[in-house]
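Could you look this one over with me? My notes follow, as numbered points.

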Amino acid sequence: MKEACGVFAVYAPGRAVSHLTFDGLYALQHRGQESAGMAVSDGESITALKDMGLVASVFDERKLSGLSGYLAIGHTRYSTHGKSDWMNAQPVYCSSPAIPGGFAVAHNGNLTNTEELAARAGMMPGFVLADTGVVSELILQHHKATPEHETVDLTATLAKVLPWVEGAYSLTLLDAGRIYGIRDPHGFRPLCIGRLGPEDAPEGWVFASESPALDVVGATFVREVAPGELVTADANGLHSVQLLEQKTERLCIFEFVYFARPDSVLHGREIHGTRRQMGELLAAQAPVEADLVMGVPDSGVPAAEGFARASGIAYGQGLVKNRYIGRTFIAPDQAARANGVRRKLNPLKENIAGKRLVVVDDSIVRGTTTKAIVQMLREAGAAEVHLRISSPPFQWPCYYGIDTPSRDELLAAGSTLEEIRLFLGADSIAYITIENLRIAVGKADEGLCDACLTGTYPVPVKLRGADIAAQHPESVLA
Ligand code: SF4
């Protein structure tokens, strides 16, 4: 699974915001590694730079120095809709006679009615644009109705345009003098606010997908943006308006399991602690006699710590991760993907040999990686391998901003637990229950999206032949 994007925005008079934005994007690199970009305003005009690649390869000192200004937005991208190419890299800059200096948009999520929106924006049928392009086209289309020589406020435009937009989005926008941050009415994807300077005399404001991007620029976490809320920052400070009617919150449960950094704060709690509790609950739910508990790096490690603590079994490292692997080619088949696992992970043979292992991982999607890990541990001499997974079986595709395979490629879809165990070659396997996962996350009933685990989709999908109800008659709409 791959996350769909990281967004960032900063308003900081007197500061070199291109450097702050670089640091913020660097902290959000895990959310997207295909392209990176930023748009910077000096109060009158916007300069944008984006390219394919990691943040550190797209920007250098010379480029950052050329991006002068005191407000900016930035983006790291992994594509879920639209090709992985320069055209679809973000932010998207648009010039509009209705907005002096133009505006720029960056997006995290996935819209579920893109074709309908493209038609509304007057785009040719079949013309494929990434979601951000569709949103900016809608804004431009709205501006076309503005009388010549009149200007419009971007907030007013968003109030008009965003009610048409369905699906998952956390957007940051920029015009010449203001930054904007907004979450969709369900709040699928996270977005938080940070303050630069002291509380009684703020020196600037930051919006980011995750709180470590605030920490790295020296901003103090203020709060999360509410679903449907628009926050703006400009010369008059921070402003908030409930632009869209707030619906039942549906923050992606996989932010807690896998996507967010362990040092991110979501729903008032550090993710590392939430993952450790998943492991503790899993130990109580599915105990096993063993000699060593180990986590699959990186996101399986906190849950493994929790499992060890609750079970009293020793915790140790069993796999070393190569941290210097950049982007590699897309493996063409299962065998090549299995080889890719060996490139990333290598067993610590002395820790493993002769031991009964509890191996804790966050999720199993196709099963290729897990199968290769089990085989690797057995070759390293493990006496037994017991898999404990800190998310329930992944059985349904995501349409809200995560790149997942189709249902027939998901190992858990249509397989019994015993079939999964046999395929993976493990001595035993247990997944955390959805109830226990919700307890760890701190939301026992509503407030989360768990469609890929339960088949209960909170928002209908009407695009690219992906109508959920038609494709998966056994799924339900919340
Ligand atoms: S379907 Fe799964 S991955 Fe997608 S938003 Fe919902 S919980 Fe997250």
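1. The centres of domain 1 and domain 2, taken over C-alpha atoms, are 35 Å apart. Domain 1 covers 5-247 and domain 2 covers 274-445, with bounds that come from an automatic or database domain assignment.

2. Before going on: this is a predicted model, where local features need pLDDT of at least 70 and side-chain atom pairs count only at pLDDT 80 or more, while totals for chains, interfaces and linings use all residues. Residues are numbered from 1 along each chain as its sequence is written.

3. Where the domains touch, 12 residues of domain 1 are in contact with seven residues of domain 2 (contact: C-beta atoms, placed from the backbone, lie within 7 Å). On the domain 1 side, β6 (99-111) and β7 (167-175) are the elements giving two or more residues (strands are DSSP runs of E, at least two residues, numbered from the N terminus; helices are runs of H or I, at least four). The largest share, three residues, comes from β6.

4. That side of domain 1 has four nonpolar, seven polar and one charged residue. Here Ala, Val, Leu, Ile, Met, Phe, Trp, Tyr, Cys and Pro count as nonpolar, Asp, Glu, Lys and Arg as charged, and the others, Gly among them, as polar.

5. Now the helix pair: the axes of α9 (residues 271-285) and α15 (residues 434-441) come within 8 Å and cross at roughly 145 degrees (axes are lines fitted to C-alpha atoms, for helices over the stretch in contact; angles run from 0 to 180 degrees between N-to-C directions). Among the residues that meet are Met278 and Leu281 in α9, and Leu437 and Ile439 in α15. Six residues of this contact are nonpolar, four are polar and none is charged.

Key: Contact = placed C-beta atoms within 7 Å.
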